[in-house]
Amino acid sequence: LVVWAYYVYGLDLLTASLSLLLISGGLFLAGTEGMKAMGLPAGFMLVLASPHPAVIVNQIVFPLQLVTARLAVWVLDAVGMTAIRVGDQIITGDHIFHVIETCSGMRAMETLVMTAVVYAEIFHRSRRRLVILLLLAPLIGFLVNQLRVLSMILNPLSGFAAVHTAQGVAMLVAGVLLLHGSDRVLCRLLPDER
């Protein structure tokens with residue numbers, strides 16, 4: 001697969017190649033137990049780290065952009081700021097903020113779904129808890145993305161790349177902390193059953 005990926009310039013095949021390499025390496029080094037141990041990272045990479053088909057992404061990203069813009073305007077209006085939404089653009093005073101593809105929240109949702117899988121594996125959560133965390137992760141991702149968009153609209157320095165990046169990192173950390181907080185609540189409400 002590696003040779004073929006480079007031959008046809010299909011670098012997305014490298015993820016599939018690495019996934020197969022992990023499983024076969026685990027089988028070679030430790031038998032079926034090693035193969036089982038490598039199953040999660042291999043599946044994780046194959047499903048979550050592979051590029052998604054553009055047709056599917058476009059059907060998800062643009063509606064997310066519109067919803068993000070609509071909610072941002074609603075929040076700004078609720079706190080007394082005048083904001084107008086035109087498609088995926090938000091106009092406040094003399095500023096125009098464009099909710100581009102990377103502000104749609106899809107990456108935040110994907111990142112928190114991946115985080116939920118890793119979190120559940122590291123802390124040995126039950127399958128039931130993992131499923132609940134996987135259902136909560138996109139919602140938390142959408143929430144932190146919404147906060148990020150609002151912070152970019154309200155912060156006059158957001159145009160600088162360093163500030164923009166720092167806001168993204170801060171919201172990612174906030175998302176992971178919210179995921180952990182959700183798990184703590186679940187620990188009390190639904191004790192783990194192995």
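View 1. The structure shown is a predicted model. The residues of H3 that are buried are Val61, Leu64, Gln65, Leu66, Thr68, Ala69, Ala72, Val73 and Leu76. Helix H3 covers residues 54-78, and its 25 residues should span 36 Å at 1.5 Å a residue; the C-alpha atoms at its ends lie 35 Å apart, which agrees.

**View 2. The whole chain, for orientation.** The chain holds six helices and three strands. Along the sequence these elements follow the pattern α-α-α-β-β-β-α-α-α. The C-alpha trace spans about 65 × 50 × 30 Å along its principal axes. Of the 194 residues in the chain, 32% are buried. Where contacts in the chain link residues at least 6 apart in sequence, 59% of them join residues at least 24 apart.

**View 3. The open sheet of three strands.** The strands are arranged in the order E1-E2-E3, and their pairing is antiparallel. E1 and strand E3 (95-98) each have a single partner strand and stand at the edges, so one side of each has no neighbour in the sheet. On average, neighbouring strands of this sheet are turned by 25° against each other, direction ignored.

**View 4. The hairpin of E1 and E2.** E1 and E2 run antiparallel and are joined by three bridges. Within this pair, Arg85 stands opposite Ile90 in E2. Two residues lie between the strands of the hairpin, and Gly87 in the turn has a positive phi of about 65°.

**View 5. The hairpin of E2 and E3.** E2 is joined to E3 by four bridges, and the two strands run antiparallel. Gln89 stands opposite His98 in E3. This hairpin has two residues between its strands, with Gly93 in the turn at a positive phi of about 60°.

**View 6. The two faces of strand E2.** In a regular strand, side chains alternate between the two faces of the sheet. The side chains of E2 alternate in this model: those of Ile90 and Thr92 point to one face and are buried.

**View 7. Packing of helices H4 and H5.** Two packed helices are described by the angle between their axes and the distance between the axes. The axes of H4 and H5 come within 8 Å and cross at roughly 145°. The crossing of H4 past H5 is right-handed. From H4, the contact is made by Ala108, Met109, Leu112, Val113, Ala116, Val117, Tyr119 and Ala120. From H5, the contact is made by Leu130, Leu133, Leu134, Ala137, Pro138, Ile140, Gly141, Phe142, Val144 and Asn145.

**View 8. Buried residues along helix H6.** H6 has 29 residues and reaches 42 Å from its first C-alpha to its last, close to the 42 Å expected at 1.5 Å a residue. The buried residues of H6 are Gln167, Met171, Gly175, Leu179, Ser182, Asp183 and Leu186. H4 and H5 are among the elements that cover these residues.

View 9. Asp183 is part of helix H6, which covers residues 161-189. Asp183 counts as buried because its relative accessibility is 0%, the cut-off for buried being under 20%. A polar contact links the side chain of Asp183 to the side chain of Arg125 at 2.8 Å. When residues up to four places away in sequence are not counted, Asp183 touches Tyr119, Arg125, Arg129 and Leu133. Tyr119 of H4 and Leu133 of H5 also take part in the contact between those two helices.

**View 10. The surroundings of Ser182.** Ser182 also lies in helix H6. The side chain of Ser182 reaches the backbone oxygen of Leu178 at 2.8 Å. Setting aside neighbours within four places in sequence, Ser182 is in contact with Leu136 and Ile140. Ile140 is one of the H5 residues in the contact with H4.

Notes:
Residues are numbered from 1 along each chain as its sequence is written. This is a predicted model: local features need pLDDT of at least 70, side-chain atom pairs count only at pLDDT 80 or more; totals for chains, interfaces and linings use all residues. Side-chain values use heavy atoms; hydrogens and water are left out. The expected span of a helix is 1.5 Å times one less than its number of residues. Buried means under 20% relative accessible area, exposed over 50%, partly exposed in between (1.4 Å probe, protein chains only). A polar contact is a pair of N or O atoms within 3.5 Å; within protein, one must be able to donate a hydrogen and the other to accept it, and residues adjacent in sequence count only if both atoms are side-chain atoms. Contact means heavy atoms within 4.5 Å. Two strands pair if DSSP finds at least two bridges between them. Axes are lines fitted to C-alpha atoms, for helices over the stretch in contact, and angles run from 0 to 180 degrees between N-to-C directions. A crossing is left-handed if the near helix is turned anticlockwise from the far one by less than a right angle, and right-handed if clockwise.
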